[in-house]
Amino acid sequence: MNLLTNQNADSSYFGSIAVGTPPVSYDVILDTGSADFWLAASDSEGSNIESDIPRFSPPGSSSFVTQNASFSIRYGSGAAQGTLGSDVIQMAGFEVQNQVFGVVSQVSENMLNPPVSGILGLAWENIATSQVKPFWQVLAQTEGLLDEPVMAFQLTRYIDAPRVRSAEPGGTFTLGATNSSLYEGDIDYQNIPDGSVGYWILEMSSLLVQNQNLSLPEDASFAAIDTGTTLVGGPAGVIQAIYSAIPGSSAATGEYEGYYTYPCSTTVTISLGFGNSTIRWPIEPAAFRLARLSADTCLGGFFELSSSGSSAPNWIVGDVFLKNVYSVFRASSPPAIGFATLSSTALAMNGEGGPLPSPTIASSAAAVTATGVGIDRASSAATRIYSTPMGAMLLAVASTLILKLLQ
């Protein structure tokens, strides 16, 4: 289990990971919407990486091996670039040796907020810029290492808490098991559609707003379930229909274009259904409210996602939804995503405050070597350009927006 930190009133959630020999702990965004792991490098001065962000130093690790290849990933809201290397990675009681990752010397402005040093992608190898099998997938595909081929999240909510700090207890990330104290009833698993392994994808099958069933287009209802995105983004037409069902709503303009406002006095009720399940998962009104712009006007947590014409999903379902459920990502038998009702124990953590998690480095981690996951030597660079924002691609934008609104 890895205890999480809630950063800037639910704008992001990070956990700790240890890298190198001797192991050094770093805080990283846990992102099911991307598949690459990268850390800010020690040689990244003057690169939009703030001075108080801890940085990985390759010479400081006796087990680091350079891969003699460049690394570059371009998001809808920015980019990161550097080189590829391999080292020992520890997290949540597990260890992978020779794991390839990005050592990043340049990032776009606002890509990282202290103390976060990088991003740990938890999606599938198919979409990895580095062409490398991700840390979690190495563990899941090693027979007998994990009790179950799953990873699970419980995320706290602080956006409506009074006197919220920039960092608060963020919930839990469990690798290889689920935590029954954090949910009630059964986990409702829905299989990832055939051929869609890459992002963690489900078909959005129902949408209920203010007790109104909204129609969903058959060809535009696949959603990436994404812990690395703060909000929920969807096709413009459906987002417009959502706010049309909320009395007094209107499209925002200027710097909030693509977002919508609504009267703060209105209690917004939205529920989402996925796959073949008859269950609709409600979003708490406090979770839907992104910010109060004035005494009477609030900003909603669903926004219009620009269409790119790419193969990326039409919806990004981020933390506005995920902090209302216990979410489980299953790697096999078959690949699926499950949701369950949060327990009273989990709900009591919302807005509770308390001490922040301390980084932990396992002295006897279950270990495996990442074999057969190196890059293609025929290419000296690993580069992928995503034209549709996913995962961390929207994180910088959302984080900047929330920080501004909280000031």
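Which residue does the disulfide join to C264? The partner is C298, with an S to S distance of 2.1 Å. The model is predicted, so local features need pLDDT of at least 70, side-chain atom pairs count only at pLDDT 80 or more, and totals for chains, interfaces and linings use all residues. Residues are numbered from 1 along each chain as its sequence is written, and side-chain values use heavy atoms, with hydrogens and water left out.

The structure holds 1 disulfide (a pair of cysteine sulfur atoms within 2.5 Å). The link of C264 and C298 is right-handed, with 110° about the S-S bond. C264 lies in the loop between β17 (260–263) and β18 (270–274), and C298 in strand β21 (residues 297–300), so the pair ties together parts that are 34 residues apart in sequence. Helices (H or I, at least four residues) and strands (E, at least two) are DSSP runs, numbered from the N terminus. Both cysteines are buried: C264 has a relative accessible area of 10%, and C298 has 0%. Buried means under 20% relative accessible area, exposed over 50%, and partly exposed in between (1.4 Å probe, protein chains only).

Aromatic contacts come next. The structure holds 21 aromatic pairs. Rings of Phe, Tyr and Trp (its six-membered ring) pair if their centres lie within 6.5 Å; planes under 30 degrees apart count as stacked, over 60 as edge-to-face and the rest as tilted. The rings of F56 and F101 have centres 5.5 Å apart and planes at 70°, so this pair is edge-to-face. F56 lies in the loop between β4 (37–40) and β5 (65–75), and F101 in strand β7 (residues 94–107), so the pair ties together parts that are 45 residues apart in sequence. F56 is buried at 2% relative accessibility, and F101 is buried at 1%.

F153 and F173 form a tilted pair, 4.9 Å centre to centre with 45° between the planes. F153 belongs to strand β9 (residues 150–155) and F173 to strand β10 (residues 167–175), so parts 20 residues apart in sequence are tied together.

Strand β24 (residues 325–330) has 6 of its 6 residues buried. In a regular strand the side chains alternate between the two faces of the sheet. Here both faces are covered: V325, S327 and F329 lie on one side, and Y326, V328 and R330 on the other. The charged end of R330 sits over the ring of Y189, 4.4 Å from its centre (NZ of Lys or CZ of Arg within 6 Å of the ring centre and within 35 degrees of the ring normal).

Two strands pair if DSSP finds at least two bridges between them. β9 and β24 pair in the antiparallel sense over 4 bridges. V150 stands opposite R330. β24 also runs antiparallel to strand β25 (residues 336–342), joined by 6 bridges. S327 has F339 of β25 as its bridge partner. The hairpin of β24 and β25 has 5 residues between the strands, and S333 takes a positive phi near 65° there.
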